[in-house]
Every structure is written in C-alpha cells, then in structure tokens.
Amino acid sequence: MRTDDLIRAISADAARRSPPLAAAWWAAAALAVAVAAVAFFVLLGPRADFALAVETPRFLFKFLVTGLLAASAFVLLRLLARPGAPASRAAPFLALAPLLLAAAVVIEFVVIPPADYAARLVGSNLALCLTFIPLIGIAPLAVFLGVLRYGAPTRPVFAGAVAGIAAGGLAATFYAAHCTDDSPLFVATWYSLAIASLACVGALAAPRLARW
Amino acid sequence: MASSDDSLLAELLRSAIAGDERDYARFLERTAALVRGFARRRIGDGAVDPEDIVQETLLAIHLKRHTWIVDAPVLPWVYAIARFKIVDAYRRRGRRVEIDVDEVAETLAQPETERLSERDIGRALDGLAPGQRGVVSAITVDGQSIGETARRLGMTETAVRVALHRGLAAIARRFGRD
C-alpha cells in the first residue's frame, strides 16, 4: 500500500474517539486502590492493636515508605506509557523510598542491641508477608498493565517492572496495617522481596500484553 | 524548523483529534515526510524498508494518539514512536540497532517525499477479514469517501467506520508480526 493511500484511510478514521491516557490513569489508580482495599479487608483486615500501633513511629514509618514507593512508581509509570515523555529524568525518584528505608535500617542497627537483630529480621509474619502482598497486589498490577496496553510503552520490560512496583507498594501499604512486624529490618527484607516478585511478573507480562 | 513547525503540527493534530479529517490528512502528510527523512538517515544498510517504518509510525500515531498530551510538543512524541518502530523492525529481523536516544531528532530530519517502488498494494490488505478488506481497499486504493463506500458496499456509514478502524488496527498488528 502506498503511504498516501494509508493516510487517506487513517484520516477517514478521524472521528473515532479515544479518551486521553491521563484520564485512563486516574481511573486505573482509583480502581487499583479499590480492588486492593477489597482484597485486604476480605483476606486480612487491620491488626487487633491497630489503635495502639498508630502511636508508634516504626508502624507509621512502614506507611511512609510503602506509600512513597507506590506514589513515585505511579508517577514514573505514567511517563513510561507515553512516547517521548521525560521518564529518564523521573526514574531517580524511584530510589527515594529505598534510600529512606536504608537510612531507617542503619538507625535500627544503632538503636537496638545486636542480640535482637535476628529476631527483628525474621519477625513472626514472614510467610504471611510473602503471600499476601503479592496476592493483594496482583489485581492492581493487572489494572496497571491494562492501561500500559492502552498506552504506548517504548520500554515495556521496564514499564512492566515499574507497574509491579506500583502495585506492590500499594499492596504493601494495605498489608502494613495487618502486619505486626514493624522493624525496618523486616520491611527492608521481606516487603522488598514480595514487591520484587510483582515487579518480575510485570516485567515478564508487559512486553507480551502491551505490544503495539 | 523546530518550534514553529511543531506548533503548526500541534494545531493540526488538535483539530484532527476533534474530528477534522482534512487537518488530519495534512498532519499525517507532513509527519510522514519528516519520519521518512528520519528513517532514511537511521537505516543505512537496507535491511529494513524506511517506507515500512513511515507506515508503521503513522498507524501507531493514529492508534495511540491519545498518548499525546494536547499542549505538549508533537515532534518529540512522533520521533519517539518512529525510533521505537525502527528498533522493533530490527528486533523482528533478529538484528540489533543502536539508536542514540539523546540525539536531537529535529536537526536531522528533513521532509522527504515517497519514492515509488514496487510496494505491494495487496500485502497489507491480505490478512484482513473480507469485510474489512473491502472497506479499506475502497478507501485507500479507490480513494472513495466513507459515504461512497457505504453506498457501494450496501453498508451503513457506522458499519463502514467500524470496519475501517478494525482494519487499520489489524494492519498495524500484522506489521508487528512479519
């Protein structure tokens, strides 16, 4: 087909409407939070001593880290779905939450006696954490991958991984309300592992789902 | 080049997204000429036909035009799509191509006209369902309007529009597989 002929066909299709990608992202964010909330309250619910826990800095810090991770990944994800968007400039912000957590780990090593390191690291909810963060996050990941498919990611593996981090950060924010292990040592190890598993799923799925 | 060119293209694309077919055709013609220049400079070895890149890029622009932000520059978006399509074309042929992402595309790409070659008119249409092929070939090869096509094929205009849109999406998918 000659290019002029193709142009004639494409321009004849001008009336076809498609909602802007930005609108799709906000709808996706609302849907992802809703499905994560439903999964969390059906499967787990907040811990029994929630009202007491919110007075402790370690408990609150978990939400700061996971919330910051989810938000920064979401911002980057939106850019990665748009050709020519300045994603490379936004990528360093993804390191903010891990850096904050690393600083908290250092402080934790200083303030608790070495004899407690192992107990804080292993905690008591390890299996629960590794099960429920991916479980709560998988539906939000599917929502984000759906919008990536609607978009046009030029780096689909990276975009898929970031979608997994956004979904994992969101899931971890809910899960943190259930989990009784509040030490940064536990969060840095097991939350990270659980979120990384979703990032892997996203990185593997996106190039197939979001081909364009 | 650069900003004045970009603002004209942005104006045409905004009008196209609002549904203006003539402005859309003007936008696509200008964009095709720029992408042609861009692709010819990037493809020196003849492994990929630059005109394939032009057509794949135009189809991707059409099917993904909602990824353009209405007040953002057009050309960085267009060249990012073209660059992706070049890399993708080489990847499908089992080759790697290094495309410098930081290169300022606008300084390189000059508008160029299509060289008529032995491009096979049927190739892109072959894979379409019969209904879609009838509609797409009436509009492309025979140069008919939506209304004329509807009358000739005994379809409603809405059905013609749906078949056209699906046909274009199917051609884009086919490009991605060959």
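**View 1. Helix 1 of chain A packs against helix 2 of chain B.** In this predicted model, helix 1 (residues 3–12) of chain A meets helix 2 of chain B at an angle of about 145°, with the axes 9 Å apart. Axes are lines fitted to C-alpha atoms, for helices over the stretch in contact, and angles run from 0 to 180 degrees between N-to-C directions. Helices (H or I, at least four residues) and strands (E, at least two) are DSSP runs, numbered from the N terminus. From helix 1 of chain A come A:T3, A:I7, A:I10, A:S11 and A:A12; from helix 2 of chain B come B:E21, B:Y24, B:A25, B:L28, B:E29 and B:A32. Contact requires C-beta atoms, placed from the backbone, within 7 Å. By class, 7 residues are nonpolar, 2 polar and 2 charged. Ala, Val, Leu, Ile, Met, Phe, Trp, Tyr, Cys and Pro count as nonpolar, Asp, Glu, Lys and Arg as charged, and the others, Gly among them, as polar.

**View 2. Chain B meets chain A.** Chain B gives 40 residues to the contact, and chain A gives 28. Six helices of chain B each supply at least two residues: helix 2 (21–42), helix 3 (50–63), helix 4 (75–92), helix 5 (121–126), helix 6 (130–140) and helix 8 (157–175). On the chain B side, 23 residues are nonpolar, 9 polar and 8 charged.

**View 3. Chain B has 8 helices and 0 strands.** Its domain assignment, automatic or from a database, gives domain 1 (1–119) and domain 2 (120–178). In chain B, 6 residues of domain 1 touch 6 residues of domain 2. The domain 1 side has 3 nonpolar, 1 polar and 2 charged residues.

**View 4. The largest nonpolar core holds 110 residues.** Such a core is a set of buried Ala, Val, Leu, Ile, Met, Phe, Trp, Tyr and Cys residues joined through C-beta atoms within 7 Å. Buried means 20 or more other C-beta atoms within 10 Å of the residue's own. A:L77, A:I133, A:F144, A:V162, A:A163, A:A166 and A:Y175 touch the most other members. Helix 9 (residues 156–175) of chain A gives the largest share, 12 residues. Both domains of chain B contribute residues, so the core lies between them.

**Notes.** Residues are numbered from 1 along each chain as written, chains are lettered from A and ligands numbered from 1 in the order written. Local features need pLDDT of at least 70, and side-chain atom pairs count only at pLDDT 80 or more, while totals for chains, interfaces and linings use all residues.

Note on methods:
Two residues are in contact if their C-beta atoms, placed from the backbone, lie within 7 Å. A residue is buried if 20 or more other C-beta atoms lie within 10 Å of its own, exposed if 12 or fewer, and partly exposed in between; C-beta atoms are placed from the backbone.
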